[in-house]
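Please look over the sequence and the model first.

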Amino acid sequence: MNFGYKVWLEREGVILGEGLYNLLIQIKKTGSISRAAAGLNMSYRSAWGKIKEAEKRWGVNLVKTWVGGETGGGAKLTGQAVQLINQYDKFRLEVDKAIKEVYHRHFGT
């Protein structure tokens, strides 16, 4: 028997779930919103929209961007965004642990 679950946090109508979480992780890895979006099969416009909506509704800056130069523009997560993904990681681990405990208690190993 396989179980699946989805976890998200919602504030002011904006959801922090796997989509925004993965987008922020990819921006952290690639240093680029466009590369992060492409890696997630998402348009740049959609990715930027998710970020801006979360920033607006939550009143925090998640991504710092810059343009130009020899190497082109880029993007970097703010300290608040790094904190957010770290807390979300911890939250997901706790939920996963709780679900496994319930599963083992009721269905065995």
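Contact here means heavy atoms within 4.5 Å. Helices (H or I, at least four residues) and strands (E, at least two) are DSSP runs, numbered from the N terminus. This is a predicted model, where local features need pLDDT of at least 70, side-chain atom pairs count only at pLDDT 80 or more, and totals for chains, interfaces and linings use all residues. Residues are numbered from 1 along each chain as its sequence is written, and side-chain values use heavy atoms, with hydrogens and water left out.

**Helix H4**

Start with H4, residues 79-107. The expected span of a helix is 1.5 Å times one less than its number of residues. For the 29 residues of H4 that gives 42 Å, and the end C-alpha atoms are 42 Å apart, which agrees. Buried means under 20% relative accessible area, exposed over 50%, and partly exposed in between (1.4 Å probe, protein chains only). In H4, Ala-81, Ile-85, Tyr-88 and Val-95 are buried. Their cover includes strands E1 (9-11), E2 (14-16) and E4 (74-77), along with helix H1 (18-30). Just after H4 comes Gly-108, with a positive phi of about 80°.

**Helix H1**

H1 has 13 residues. From first C-alpha to last it reaches 18 Å, close to the 18 Å expected. Its buried residues are Leu-20, Tyr-21, Leu-23, Leu-24, Ile-25 and Ile-27. They pack against E2, E4 and H4, and also against helix H2 (33-39), helix H3 (44-58) and strand E3 (63-66). Gly-31 follows H1, and its phi is positive, near 70°.

**Aromatic rings**

A pair of aromatic rings is described by the distance of the centres and the angle of the planes. Rings of Phe, Tyr and Trp (its six-membered ring) pair if their centres lie within 6.5 Å; planes under 30 degrees apart count as stacked, over 60 as edge-to-face and the rest as tilted. The count comes to three aromatic pairs. Two of them are tabulated here.

| Pair | Type | Centre to centre | Angle between planes |
|---|---|---|---|
| Tyr-88 and Phe-91 | tilted | 6.3 Å | 40° |
| Tyr-103 and Phe-107 | tilted | 5.5 Å | 35° |

Tyr-88 and Phe-91 both lie in H4, three residues apart, about one turn of the helix. Tyr-103 and Phe-107 are also in H4, four residues apart. An α-helix has 3.6 residues a turn, so residues three or four places apart point the same way.

How accessible is Tyr-88, buried or exposed? Tyr-88 counts as buried because its relative accessibility is 1%. Phe-91, at 31%, counts as partly exposed. Phe-107 is partly exposed as well, at 47%. Tyr-21, Tyr-88 and Phe-91 form one aromatic cluster.
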